[in-house]
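Please have the sequence and the model at hand while reading.

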Amino acid sequence: MASRPLTLYEKIWAAHVVERRDDGTCLIYIDRHLVHEVTSPQAFEGLRVAGRRVRRPELTLAVPDHNLPTTPRIGPDGRLLPIADPESAQQLDALRRNTAEFGIDYIDATAAEQGIVHVVGPEMGFTLPGTTLVCGDSHTSAHGALGALAFGIGTSEVEHVLATQTLLLQQSKTMEIRVDGSLGFGVSPKDVILAIIGRIGAAGGTGYVVEYTGEVVRAMSIEGRLTMANMSIEGGARAGLVAPDETTFAYLKGRPMAPEGADWDKAVAWWRTLPSDPGAAYDRTVTLDATNIAPSLTWGTSPEDVVAITGIVPDPDSFADPAKRDAARKSLHYMGLAPGTAMQDVGVQHVFIGSCTNSRIEDLRAAAAVAQGRRVADGVRAMVVPGSGLVKRQAEAEGLDRIFVGAGFEWREPGCSMCLAMNPDKVPPGERCASTSNRNFVGRQGPGARTHLLSPAMAAAAAVTGRLADVRDLMPRDNNDFGGVMS
Amino acid sequence: MQAVTSVSGRAYPWGAKNVDTDVIIPAHWLKTISRVGLGRGAFETVRAQPGNLFDDPRYAGAPILIAGDNFGCGSSREHAAWALADMGVTAVIAPSFSDIFSGNAVKNGIVPVVLPQEAIDRLLETAVDQDVTVDLETMTVTTPYQDRFSFDLDPFRRRCLMEGLDEIGLTLARDTQISNFEGAAASTRPWVEGKRGYEGIAVAGAGRT
Ligand code: SF4
């Protein structure tokens, strides 16, 4: 039967339809479910109240991340250190109890594999190409980097997946975002995704599933692809996909929860059929030429407020849309920035290198390359928070921790940390943070905190100069390892 | 879930664009393990400003919120819907919603009403001193000034709202279909069954501080 060419998204979707209903809504099977402490307690409570069980506990993996302090968890005497905030402690405790009660695998805060849920999934080989993967967290889009259809869900849906292993969904429209060319000196995957969001806007992807294509994405490591897919949601798209390829297979092979032996061979054979067929149609295509992307950062309180580091704070009056003008004015007031100021003249008090966007080994290497032989500027507090215990261990094996600590950075335990103000790592009101995380919303890093999103190398450059700085001025031109791009 | 067929009363005439979930309910309120009581934290940063809309006695207890584009963008936290429900909001009218938020809203008996910007602009004016009615029977938003705007809602979502359906119960009734799917998938994609997980991974606990 001759069939029309399909996109990667359509293929994954078709493989997971349990039932299609008259109105077009589909009951979609969910292969993988990640659970963390913040969005799950009410779901487990719902199951308990209704006397329901978890349908497929073996397809579910739980790990605490949002609430955990990033200070040591085990004291010198080998005993667990208590968590000071009683509410955080209660939520973490609830996850431990709920997973035990419902028979779900749980990675404890003291295990080497603990980390941010979106770092842990790929790293453990829990995330696989062609699977459907959900988590009660919007940055679940990250897992699309491996070719999984992955998206964030609310707590009612968490409960629905726990009870039924399915979700009721409408098929999304498809958007191809193609990045051609090659990345310039000092330009990282973070700059690419910021450029994309700057182009399509924070709501540009609403209703779409994005597929990232083009030479730049193909040449990118899994770490870099994870950074990009992670921020799909900041452009409004619930999911962002990258077609699986040899890079994907090489990354997954041998991971603890990845298939082995004959299963592995079968899996790879199927994964090779997944990339979009030649001639497959997308509802919308956006193309970017990577040559035009500079190291970038945000100036406002929406991730679409993107500017090159060589640029200036925009004048709100320069926006054609009156609503955007108004939003820009409010943003600049909140950010304490005057129009026309050169971005490089803006001083920072905090630097945060971490979060599920940029806390993997390549991110830490890129930041360490800038920090090496330099000192964190006076008046700056800079912290590095590895995305998982395994990342931390690898970084320590490579000596990155010594570079950071030697330069005056704090080297901390894995968790969401300063990405969101839910644990003790916060930016005080009115202070400014250069952050490798994914959201610059009002109050995201603490009430009144001012956030500039940027790449790990750019964050390190801000730390050692005490201002928003162009990393290209700090690096020898022959070093082009800015994270996530294979040379 | 409480069934809802129409929502009528005062409406916060806000109109703000890109209202994200951190604005609707800041992260520090997410430490609760219950669904109730979050109304106290709703719009905390907005409420910190004197003369804000949410503390204006004219709109006290309003069941409707009128907002701008991309309402509910940001995180997947259902706490945003719980907070709105807890403060008594049962309909939000905006030109567009984030996908995750509108799903969460429906699951908590909140009607996400999509209307074009012109209609929003008109409602923002009217709502300053007039009631607004959102009706799921007729799929319209009306005001005492003869304004009448029609809106669309996915039929399944509409039914869930109007009948207060338990979606999980409905899906559990499809158990045979789900089991059949699982049986087929186990032979075509056996690797997805995976290994029973995390237990027994050799490096557990090693090298942690
Ligand atoms: S690191 Fe930030 S964005 Fe990622 S899961 Fe944690 S809180 Fe969410």
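This is a predicted model: local features need pLDDT of at least 70, side-chain atom pairs count only at pLDDT 80 or more; totals for chains, interfaces and linings use all residues.

## The ligand and its surroundings

Which residues surround the ligand? The shell is made up of His66(A), Ile116(A), His118(A), Asp137(A), His139(A), Ser355(A), Cys356(A), Cys416(A), Cys419(A), Leu420(A), Asn438(A) and Arg444(A).

As to its location, the ligand sits in the largest cavity.

## The cavities

Rolling a probe the size of a water molecule over the atoms shows where empty space is left. A search of the whole structure finds seven cavities of 30 Å³ or more. The largest cavity has a volume of about 210 Å³.

The lining of the largest cavity consists of 23 residues. Those nearest its centre are His66(A), Asp137(A), Leu420(A), Arg444(A) and Ser75(B). Within this lining, eight residues are nonpolar, ten are polar and five are charged. His66(A), Asp137(A), Leu420(A) and Arg444(A) also belong to the residues that surround the ligand.

## Salt bridges

How many salt bridges are counted over all chains? The count comes to 48. One of them joins the side chains of Arg48(A) and Glu101(A), with an N to O distance of 3.2 Å. This pair links distant parts of the chain, 53 residues apart: Arg48(A) lies in helix H2 (residues 41-50) of chain A, and Glu101(A) lies in helix H3 (residues 86-102) of chain A. Arg48(A) has a relative accessible area of 34% and is therefore partly exposed. Glu101(A) is likewise classed as partly exposed, with a relative accessible area of 47%.

A salt bridge between Glu182(B) and Arg56(A) has an N to O distance of 3.3 Å. The pair crosses between chains, from helix H8 (residues 175-188) of chain B, which holds Glu182(B), to the loop between H2 and strand E4 (60-62) of chain A, which holds Arg56(A). Are these two partners buried or exposed? Glu182(B) is buried, because its relative accessible area of 14% falls under the 20% cut-off. Arg56(A) is buried as well, with a relative accessible area of 9%. Another salt bridge joins Asp321(A) to Lys17(B), where the closest N and O atoms are 3.2 Å apart. This pair also crosses between chains: Asp321(A) is in the loop between strand E14 (306-308) and helix H11 (322-335) of chain A, while Lys17(B) is in the loop between strand E2 (11-13) and helix H1 (21-24) of chain B. Asp321(A) is partly exposed, with a relative accessible area of 32%, and Lys17(B) is partly exposed at 31%. Salt bridges that share partners also join Arg55(A), Arg56(A), Glu58(A), Asp175(B), Glu182(B) and Glu193(B) into one network.

## An enclosed helix

Helix H5 (residues 155-164) of chain A is largely enclosed by the rest of the structure, because ten of its ten residues are buried. The buried residues of H5(A) include Glu157(A), Glu159(A) and His160(A), along with Val158(A), Val161(A) and Leu162(A). Just after H5(A), Gln165(A) takes a positive phi of about 60 degrees.

Technical notes. Residues are numbered from 1 along each chain as its sequence is written. Chains are lettered from A and ligands numbered from 1 in the order in which they are written. Side-chain values use heavy atoms; hydrogens and water are left out. A residue is near a molecule or strand if one of its heavy atoms lies within 4 Å of it. On a 1 Å grid over the protein atoms alone, a cavity is a set of points where a 1.4 Å probe fits but cannot get out, and a pocket is an open set with protein on both sides within 12 Å along at least five of seven lines; lining residues have an atom within 4 Å of a point. A molecule sits in a cavity or pocket if more than half of its atoms lie within 2 Å of its grid points. A salt bridge is a side-chain nitrogen of Lys or Arg within 4 Å of a carboxyl oxygen of Asp or Glu. Helices (H or I, at least four residues) and strands (E, at least two) are DSSP runs, numbered from the N terminus. Buried means under 20% relative accessible area, exposed over 50%, partly exposed in between (1.4 Å probe, protein chains only). Grid points are joined across faces, edges and corners, and a volume is the space filled by probe spheres set on the points. Ala, Val, Leu, Ile, Met, Phe, Trp, Tyr, Cys and Pro count as nonpolar, Asp, Glu, Lys and Arg as charged, and the others, Gly among them, as polar.
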